[in-house]
Amino acid sequence: MLMSQNIKYEQYLKSKYTLMILSVIIMFVLSIPYVYFGWKILAAHFAAAIYNIGVNSYVIMLGGSFNRKKIDLNQRAAFNYQGTGAVQWIIGIPLLILPAAIFGLTSFFINFQVGLFALAFLGLIGIVFHQKLMKLITKKYLDSKYKMIDAFSQDN
């Protein structure tokens with residue numbers, strides 16, 4: 001699509017980032033009623049939302065630049081693992097294990113609030129360096145553009 005349409009990679013990635021951010025915000029707003037179970041729950045959701053915006057969104061986009069699997073859109077959606085490879089599982093490490101480890105270690109050795117602050121702080125760093133991170137990801141996509149096209153044209 002990106003080769004045949006008049007869309008720049010930067011614009012494509014910016015729209016992808018915007019969709020991810022909107023989904024994080026919507027999910028956070030929908031989680032607000034959990035405050036019924038305590039303010040700590042809402043604070044944890046807020047810190048996780050900031051972390052997802054500032055770190056995980058970039059990890060997902062960077063991981064997408066390594067995708068070399070073709071997807072047939074005519075196949076059924078349920079339990080369809082086409083396009084899933086080792087890269088998608090490796091991306092899961094920084095997406096799931098890293099924030100849990102950061103929060104768990106800081107919460108265990110210091111306290112709960114510092115664990116939340118650590119996640120939110122890392123997210124804020126990502127938000128502050130948004131332009132530089134987007135340029136880096138765009139460059140990665142441009143560098144691997146022809147490899148991706150060649151891989152998507154394969155039938156195996």
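Helices α2 and α5 run roughly parallel to each other, a label for angles under 35 degrees. This is a predicted model, where local features need pLDDT of at least 70, side-chain atom pairs count only at pLDDT 80 or more, and totals for chains, interfaces and linings use all residues. Residues are numbered from 1 along each chain as its sequence is written, and side-chain values use heavy atoms, leaving out hydrogens and water.

Here are the two helix pairs (axes are lines fitted to C-alpha atoms over the stretch in contact, with angles from 0 to 180 degrees between N-to-C directions):

| Pair | Axes come within | Crossing angle |
|---|---|---|
| α2 and α5 | 9 Å | roughly 15 degrees |
| α1 and α2 | 10 Å | roughly 165 degrees |

On the α1 side, the contact (heavy atoms within 4.5 Å) includes Leu13, Tyr17 and Phe28, and on the α2 side Phe46, Asn52 and Tyr58 are among the residues involved. Over at the other pair, Tyr58, Met61, Leu62 and Gly64 of α2 meet α5 residues including Leu133 and Ile137.

What about α2 itself? Helix α2 covers residues 39–64 and reaches 35 Å from its first C-alpha to its last, close to the 38 Å expected at 1.5 Å a residue. There's a bend of about 45 degrees at Asn52.

Finally, take a look at Leu142, which lies in helix α5 (residues 130–143). Leu142 and Lys8 are 134 residues apart in sequence, yet 10.0 Å apart in space, C-alpha to C-alpha.

Key:
Helix = DSSP H or I, 4+ residues; strand = E, 2+ residues; numbered from the N terminus. Expected span 1.5 Å × (residues − 1). Bend = angle between axes of the 7 residues up to and from the residue. Parallel < 35°, antiparallel > 145°, perpendicular 65-115°, else oblique.
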